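Visitor: Got a model open here. Can you walk me through the ligand site and then the sheet?
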Amino acid sequence: MELGDIPAVLSIEEESFSNPWRKEDFLFAMVSPDYEAVVAELEGPVGYAIYRFSGKEVHIGNLAVESSHRRKGVGSALLRHIFEQARRNGAVRATLEVRVSNEAARRFYLAHGFFCVAVRKGYYRKPREDALVMVKLLK
Ligand SMILES: CC(C)(COP(=O)(O)OP(=O)(O)OC[C@H]1O[C@@H](n2cnc3c(N)ncnc32)[C@H](O)[C@@H]1OP(=O)(O)O)[C@@H](O)C(=O)NCCC(=O)NCCS
């Protein structure tokens with residue numbers, strides 16, 4: 001992710017989430033050594049992922065695909081990139097939180113080998129909602 005990607009990333013973020021990350025959140029992720037920030041590009045950015053390594057874990061903090069490009073494998077390509085980098089870094093599992101009501105994302109992650117391990121009560125705001133904690137073991 002580069003500075004020039006930010007307008008497209010914010011547009012995808014705002015159409016994707018009821019409580020979107022702000023510009024500063026993405027800028028922080030771009031400059032912080034703890035975070036990785038990547039975009040999937042066709043003619044411009046059509047998706048992105050933010051993730052961080054912590055010990056033997058990679059945590060996916062944000063991942064979205066522009067609505068007109070969904071169900072074309074873009075999200076899967078982003079996940080594959082994360083898994084490849086995670087394995088190179090010695091990570092043994094990937095984790096994330098997802099809104100209980102986000103059926104599309106839950107199905108997407110289940111299709112990629114994640115399973116639900118916990119519920120975080122009231123984790124999300126706008127609207128307040130529980131999160132499912134999902135984990136995938138990386139081989
Ligand atoms: C979740 C999201 C990232 C998926 O991205 P995508 O590029 O559409 O996903 P892919 O095309 O790679 O889908 C791979 C598989 O995931 C599953 N899947 C993806 N979207 C789905 C949906 N809406 N309903 C059911 N299954 C779905 C399917 O098994 C799909 O394979 P198929 O199309 O051959 O059936 C996308 O819907 C999105 O950006 N949603 C809004 C943001 C969001 O919720 N992010 C996750 C927050 S934790």
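Guide: A word on terms: helices (H or I, at least four residues) and strands (E, at least two) are DSSP runs, numbered from the N terminus. Also, this is a predicted model.

Visitor: Fine. Which element gives the largest share of the shell around the ligand?
Guide: H4 does, with five residues.

Visitor: Which residues come nearest to the ligand?
Guide: Arg70, Gly75, Ser76, Ala104 and Arg107, out of 19 residues around the ligand.

Visitor: What classes make up that shell?
Guide: Ten residues are nonpolar, five are polar and four are charged.

Visitor: Switching to the sheet. What's the strand order?
Guide: S1-S2-S3-S4-S6-S5. The sheet is open, has six strands, and its pairing is mixed. Strand S1 (35-41) and strand S5 (115-124) are the edges, each pairing on one side only.

Visitor: How are neighbouring strands turned against each other on average?
Guide: By 25°, with direction ignored.

Visitor: Back to S1. How many bridges join S1 to S2?
Guide: Seven, and the two strands run antiparallel. S2 covers residues 45-54.

Visitor: Which residue in S2 is the bridge partner of Tyr35?
Guide: Arg52.

Visitor: Last one. Where does H1 lie?
Guide: Helix H1 (residues 6-16) lies across S1, S2 and S3. Against S2, helix H1 runs at about 85°.

Definitions and conventions
Residues numbered from 1 in each chain as written. Predicted model: local features only at pLDDT ≥ 70, side-chain atom pairs only at ≥ 80, totals over all residues. Near = placed C-beta within 6 Å. Nonpolar A, V, L, I, M, F, W, Y, C, P; charged D, E, K, R; others polar. Pairing = 2+ DSSP bridges. Axes fitted to C-alpha atoms, helices over the stretch in contact; angles between N-to-C directions. Contact = placed C-beta atoms within 7 Å.
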